[in-house]
Amino acid sequence: MTEAPSDEVNIPPLPSDGDYDCSHFDIQESAQAVFNRDSSDPHRLDGDGDGVACESL
């Protein structure tokens, strides 16, 4: 999988509770862009810890 720079993908606005989850994204690349901003994964987008966010998308 090729990682797209975050400025090339559509990232939805931050939810009112301040916490993204995979259902907020239409495509995996958008979730990956958010994950790549902070690899400490504060939104818990990488459930299995392999560096790939929201693999189910």
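Of the contacts in the protein with a separation of 6 or more, 38% are accounted for by residues 24 or more positions apart. Contact means heavy atoms within 4.5 Å. The model is predicted: local features need pLDDT of at least 70, side-chain atom pairs count only at pLDDT 80 or more, and totals for chains, interfaces and linings use all residues. Residues are numbered from 1 along each chain as its sequence is written, and side-chain values use heavy atoms, with hydrogens and water left out.

## Overall make-up

The protein has one helix and zero strands. Helices (H or I, at least four residues) and strands (E, at least two) are DSSP runs, numbered from the N terminus. Of the 57 residues, 32% are buried. Buried means under 20% relative accessible area, exposed over 50%, and partly exposed in between (1.4 Å probe, protein chains only). The protein exposes about 3,700 Å², and carbon and sulfur atoms supply 45% of that area. Accessible areas come from the Shrake-Rupley method with a 1.4 Å probe; for residues, only the protein chains shown count as cover.

## Helix and core

Helix α1 is mostly covered, with seven of its ten residues buried. These are Q28, S30, A31, Q32, A33, V34 and F35. An α-helix has 3.6 residues a turn, so residues three or four places apart point the same way.

S30 sits in α1. Its relative accessibility is 3%, so S30 counts as buried. Not counting residues up to four places away in sequence, S30 touches V9, N10, I11 and F25. A polar atom of the S30 side chain lies 2.5 Å from the backbone oxygen of N10.

The largest nonpolar core has eleven residues in all: V9, I11, Y20, F25, A31, A33, V34, F35, L45, A53 and C54. A nonpolar core is a set of buried Ala, Val, Leu, Ile, Met, Phe, Trp, Tyr and Cys residues joined through side-chain atoms within 4.5 Å.

## The disulfide

Which cysteines form a disulfide? C22 and C54 do, with their sulfur atoms 2.0 Å apart. The pair links distant parts of the chain. C22 lies in the segment before α1 (28-37) and C54 in the segment after α1, 32 residues apart. A disulfide is a pair of cysteine sulfur atoms within 2.5 Å, and by this rule the count comes to one. The link of C22 and C54 is left-handed, with -90° about the S-S bond.

Leaving aside neighbours within four places in sequence, C54 is in contact with C22, F25, Q28, A31 and L45. C54 also has a positive phi of about 45°, although it is not a glycine.

D41 is another residue other than glycine with a positive phi, near 60°. D41 lies in the segment after α1. It counts as buried because its relative accessibility is 15%.

## The salt bridge and D19

The side chains of R44 and D19 meet in a salt bridge (2.6 Å, N to O). R44 lies in the segment after α1 and D19 in the segment before α1, so the pair ties together parts that are 25 residues apart in sequence. A salt bridge is a side-chain nitrogen of Lys or Arg within 4 Å of a carboxyl oxygen of Asp or Glu. By this rule the protein has one salt bridge. The C-alpha atoms of D19 and R44 are separated by 8.9 Å. R44 is exposed, with a relative accessible area of 58%.

Leaving aside neighbours within four places in sequence, D19 is in contact with L14, H24, P42, H43 and R44.

| Side chain | Partner side chain | Distance |
|---|---|---|
| D19 | H43 | 3.1 Å |
| D19 | R44 | 2.6 Å |

P15 lies in the segment before α1. P15 is buried, with a relative accessible area of 16%. Not counting residues up to four places away in sequence, P15 touches Y20 and H24.

Definitions and conventions. A polar contact is a pair of N or O atoms within 3.5 Å; within protein, one must be able to donate a hydrogen and the other to accept it, and residues adjacent in sequence count only if both atoms are side-chain atoms.
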